Structures are given as C-alpha cells and as structure tokens.
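Thanks for coming. I have one model to go through today, and I will keep to what can be computed from its atoms.

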Amino acid sequence: MQKVPRKKARKAASPKMVFLLLLCACLVTGAAVFAVRSLSRPIPVTETAEKVMLLKRKAEEIASVRIAPLDSEAYTLLPGDNGFVMAGFEEAALRESVMDEITLSLGNVPAEAVVLPELNPAQGLTLAAFGMEPPQARVEITYQDGEKRELLLGNAAPNQDTPQRYCMIVGDPALYTLLEADCEAFFHEREYLFSFRQPQLDGSLLDRIDVTGDVVWSAYYTPSGWQMEAPFVYPLSVQRMDALLSRIESMGFEAYLGAETPETQAQYGLDAPEVTVRLTQAATVITGETEDGQQVSIPVPEQEYLLRLGRETGKSGVYLSWAGGVYKASNFLLGFWKTLNPHDLALTNPVNFQVNNLDEVTIEAAGVSQTYEVRMVESVAENNQIAVDEYGQTLYDLAARRAGEAEDMDAEAFAAWYRQLATLSGDGALPDGFVLSGESRGTVTLKNDHLTRVIGFYPFDALHDALAIDGVALFYVSKDWLNEAVAAMP
C-alpha cells in the first residue's frame, strides 16, 4: 500500500506580517463599503451662497421653447399676441392657469444646490444614475437673440424639507438640484395644456341617474329622498346620496383629447365603454340682474348629460367621452363610477319621513291594526291670530288622529311614538342570497302624496327579524323592536 503524502506545514507568519495583512484587508473592505455607500446614499450637496441660475432670462425674451416629457409627446411653444401659443395649434386656446405655471417656470429659475461640480463615471456617477439618460423631461429654449439653453430634468432627489429634482444644463458639467415646484410644469402632457370647459353640475338639480355596463344602477329623486329602481327597488340613504352627489359635482377632467368620432371612440375604448352614465337634470329657472339693475329670470329646460368611461390610461386615469368630446381624467375624480356598489347606498333607517311630509302611518302586528292620519295645521298665537316667524312666514303645528275618529288625539303623544319608530335601523346585513320565507310578523306603512313605503318584519333567527322594505330585505333587526313599537302605540 502506498502512503498518501502529507501536505507540507506552512511557516508561521511573523507578527509584523500579520499586521500588514490585516491592514490591507481593512483597506480593501473599506474601499468596497465606500463604493457601495456612495451609490446608495444621498450625495452630499453644497449650498451656494449665491444661487446658480439655471434659467436666467425673462420669459418675454423667449423665441421658442420645446418641452419633451419622457413618456409623452413633445410640443413647442411660441410667443403669441397674448402669451404663448402651441406650434401646429396656434388657433387653439390654452389653459390660462397652466400657461401661467409654465411661464413662471421659464423665467429666472435658481438651482437649489450644487450636488457635484462634475460627474465621475468611474465612480458610477453618470447621467443614467440620476435619471437623465434619457431625461425625465427635456426643456430646450431658444431666445430672441439666438442664445440657446437646454435643461435636463432627472429623478427626484432625496430631501427631507422640500421636494427637489436632479438637473443639469447641457454644456455645464455640474449636477444640480432644483425645487420640484419650479419644474413640475414641464411634466404636463401636451394635451393638458389645451383649454376646455369642465363639467358644471348641480347635484341638487339632478332628478335621475342611470348607470349601465360593468355597473348597473338606476335611481330617481323624490321629495322623500332618492329611490333606487335597479338592480332592485329600495330607498337610498340621504347621507350617502349626498356624498355621491358631491362627487358628481366635483367631477373634473384632466385633458381634452379632441372631438368624439368613431376613430377616437375605438382608440380610447369608448366604442364599448366599461360604464355609461346618464344624468338627468331637472328644469329650473336662473335669476339674475342686468347691468342696469333689472331683475331677469331665464327658464332652463330639462337636460341630459351622457358620460362614457373607456379604458384605463395606464397612469391611474381613465379615458371618457362627454358632451361630444374625448377627455382624460384621474380615477381619483372619476373612478367612483366603476366601483359603485348599490348595497353601500341603501337606506338603513326606513322611518325617515319628516312629519310635515307624512299623511298616514299604519302599524299591523300582534293582531292589532291601527292607522294614524297626519296633517299640519296653522299655528294660532295667544291673540287668536295666525302665528308667524320673524320673516313673516306662517308657522304650523302637527295634528294627528286615529282613522275613523272625528277628534284629533294628543299630538305630543303621537310625536313621541313616531320618534320611537324613527329609531328603526338595521342591526346588520343579511347574508348574501337570503330569501324571505314564512309569514310576516307585522308591517309599518308610511304614506304621503307621492310615495308609499311598506316595512315588513319576517322570521330570520330566534332573536332577529329580517327587515324588508317594499319586499326587499337587506338587513336584520331585533325582534324586540316591533314588540316595543306595538306596546307603545298611543
């Protein structure tokens, strides 16, 4: 058997050699750490005692400016009779507020800080490292005397106090930062600049709302509140409808993309819209005063508005058509139509008729059936005159009587009982797919001159009734509620 040769023992290193090896290792490690940190940490910036002017001439001296955001079409602005116009669209009106913002940003714009006097590619400090190859936006300015200046805008720069962005001037080796507020106007898409009329809707004048497509929902206004008629018949919450109407009033568009044509419909997904909204506004009268102080009234007939929502823009927005035009809008302002949930708008407290909007209340339960007739009568003052308020308006009192009786009952007793009925509210939502079964334990019926609401109580479990409004049950309520309402009848 042949022996396996052993490795030769290494000579032990001297203490001096050990120290030198450790020192070299530390230097190598430190260099590596510095290289990594120099790319991952915010680069120290130098605050300048005197600000460096990135754009240092007045906007009035500009002969042309080309603005090119990274992900949208570039456009050129030229001086016109009243501010800038867009090349190729000289007759198109531009949004005054947006143009004021751009004009301000084209004037004297200082650098916030000097980050580096010069980029060093050997350290990984390149244009691409700061989001400028390609730039997030490029601004090319030609002045009337022939001078040209080109501003490159890069990524957001780390700053705890004010939002800033890296930037450079072509021909200047230094890297700067400038305030986001001084350059955000250069990131608007071309279409954002065109002037258009925003929708101006008054929620208090809306009579009907119809939604079709991915969302199906219809509702109409009554003096007793909004009523849903699709996907099922049900009264709607006053507070939640007020919130929806506020969102409708706040609808705003981001940019006008052109007239609605078969071509633009196909381009933006409007030929098969995800959601179509039809808004019906009631006829009204606009009153005002002429220059010579004469009062005038102008009748405005009923109007319909049609809104179609197409495909998503890919930037948290949606394409839409409105009044013959195609627009783009943010989902923050328009996306609520796609997430509309009929159950979220349902009324949970069905006894919500005001007594001055009530003709009859009928309760049938536990073998008892009683109808109360309700009306408002003129209030009489101590001097036997009709009582009026400080504005001269007639005051009214509540009057109630049991059906079939000739005399009015105690109005306070009826009002107290009706306030008890008004506490009715669903304790929770019934499970999906719940179907009413069994005989009703009782009903409460409200009537006025334009609406009849039947509130039914059906078996649900040992402690609760299913609460049905006009035959549709969404919520359950304690069985004690109906029992207590019957026991408290005046």
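This is a predicted model: local features need pLDDT of at least 70, side-chain atom pairs count only at pLDDT 80 or more; totals for chains, interfaces and linings use all residues.

Residues are numbered from 1 along each chain as its sequence is written, and side-chain values use heavy atoms, with hydrogens and water left out.

Now the pocket. By those classes, the lining of the largest pocket has seven charged, five nonpolar and four polar residues. A pocket here is an open set of points on a 1 Å grid over the protein atoms alone, where a 1.4 Å probe fits, with protein on both sides within 12 Å along at least five of seven lines; lining residues have an atom within 4 Å of a point. The lining comes to 16 residues, and those nearest the centre are Glu 189, Glu 191, Glu 254, Lys 315 and Lys 328. The space in this pocket is about 350 Å³, the volume being what is filled by probe spheres set on the points, which are joined across faces, edges and corners.

Next, the overall make-up. The protein has 29 strands and eight helices. Of 490 residues, 39% count as buried, where buried is under 20% relative accessible area, exposed is over 50%, and partly exposed is in between, with a 1.4 Å probe and protein chains only.

Now the sheets. Within it, E9 (residues 164–169) and E10 (residues 175–179) are antiparallel and share four bridges, and Arg 165 is opposite Leu 178 of E10.

Another open sheet, also of eight strands, has the order E24-E23-E22-E26-E27-E28-E29-E25, and its pairing is antiparallel. Here the edges are E24 (396–402) and E25 (428–429); each has a single partner strand, so one side of each lacks a neighbour in the sheet. Helix H7 (residues 411–421) packs on this sheet and touches E22 (360–365), E23 (368–378), E24 and E26 (442–447), with its direction at about 65° to that of E22. A contact means heavy atoms within 4.5 Å; axes are lines fitted to C-alpha atoms, for helices over the stretch in contact, and angles run from 0 to 180 degrees between N-to-C directions. Helix H8 (residues 479–487) lies across E22, E26, E27, E28 and E29 (472–478), at about 75° to E29.

How much of E26 is buried? Five of its six residues are, so E26 is largely enclosed by the rest of the structure. E26 pairs antiparallel with E22 over six bridges, and Gly 442 of E26 is opposite Ala 365. Six bridges also join E26 to E27, again antiparallel, and a hairpin of four residues connects the two.

Strand E13 (residues 225–230) has five of its six residues buried. Five bridges join E13 to the antiparallel strand E12 (residues 217–222), and the hairpin between them has two residues. E13 also pairs antiparallel with E14 (residues 234–235) over two bridges, with three residues in that hairpin.

Last, the backbone. Most residues other than glycine have a negative phi, and most peptide bonds are trans. The bond from Ala 230 to Pro 231 is cis, with omega about 10°, and Pro 231 is in the loop between E13 and E14. The bond from Glu 133 to Pro 134 is also cis, with omega near 5°. Ala 323 has a positive phi near 50° and is exposed at 71% relative accessibility. Ala 366, in the loop between E22 and E23, has a positive phi of about 55° and is exposed at 69%.

Notes
Ala, Val, Leu, Ile, Met, Phe, Trp, Tyr, Cys and Pro count as nonpolar, Asp, Glu, Lys and Arg as charged, and the others, Gly among them, as polar. Two strands pair if DSSP finds at least two bridges between them.
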